[in-house]
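Dear colleague,

Please find below the structure for your review.

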Amino acid sequence: MDSVLVGKLEGYVRLSADDRDLLNSIVQDERQVGAHTDLATEGDKPTSVHLILEGFACRYKFTVEGNRQIMAYMLPGDFCDLHVFILKEMDHSIATISPCTVVDIPRENILTLLERPRLSMALWCAALVDAAVLREWLVNVGQRPAEKRLAHVLCELLLRLRIVGLASDSYELPLSQKDLADTIGTSTVHLNRVLQSLRRADLISWKDDILVIKDIDGLMRFSGFNPNYLHIDRQGADETELNPTLRNRVPRL
């Protein structure tokens, strides 16, 4: 059975049987990592690439005042730091949020993958999408009000989890309110108000770590979500949901 990494990369490029076999061969030595554990810390010298097979991880930095900003979520099939071994030291930290299954891939194995044209293209696509996600998060935190910031992140997670078969109209969201607050740049008190607003609008429900999006099109319209930055193949999600019409009125919160 193909690994979740194969499923993700084939969303960008159709891979040969040999390419899939090579990918599957490098994800054998998995390890279990507990929640809230650093996989890499700012200042470390990176020697391998971390791949998430199960669970949620995040990329983050602390300010000098001790405030944390989460800058990305790594989901099953995601590399945490595909090209970071080129650098002399980490300029950010990576940590698990939930218990995770992780594979540490040595530098030489990544270089072997890059020698194969279609795998190289797929890996570059993954890296480019990571950069596109960061740009979108900058716009999200800098220009949208808190309710739309959170709604946008929830839409993104839905589609990214659908790519690897882990979501329908609901998905596991093993995050605390503090994690979400540090994601959208607000306090936990205000984050709670934002959640209540989305619930009152009957757009979402969230209980026992299961996030249910009750009105997918409505949540996308409300947040102004455009999935173009994810560059998702049509196999990853329904076309009508990837391109929701904007002619209906935005729900008011």
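The notes below concern the pockets and cavities.

This is a predicted model, in which local features need pLDDT of at least 70, side-chain atom pairs count only at pLDDT 80 or more, and totals for chains, interfaces and linings use all residues. Residues are numbered from 1 along each chain as its sequence is written, and side-chain values use heavy atoms, with hydrogens and water left out.

The largest pocket has a volume of about 690 Å³. (On a 1 Å grid over the protein atoms alone, a pocket is an open set of points with protein on both sides within 12 Å along at least five of seven lines, a cavity is a set where a 1.4 Å probe fits but cannot get out, and lining residues have an atom within 4 Å of a point; points are joined across faces, edges and corners, and a volume is the space filled by probe spheres set on them.)

Lining this pocket are 32 residues, with R59, C80, A127, D130 and A131 nearest its centre. Strand 5 (68-74), helix 4 (117-143) and helix 5 (146-163) each give two or more residues to the lining (DSSP runs numbered from the N terminus: helices H or I, at least four residues; strands E, at least two). Helix 4 supplies the largest share, six residues. The lining comprises 22 nonpolar, two polar and eight charged residues (nonpolar: Ala, Val, Leu, Ile, Met, Phe, Trp, Tyr, Cys and Pro; charged: Asp, Glu, Lys and Arg; polar: the others, Gly among them).

Two cavities of 30 Å³ or more were found in the whole structure.

Yours sincerely
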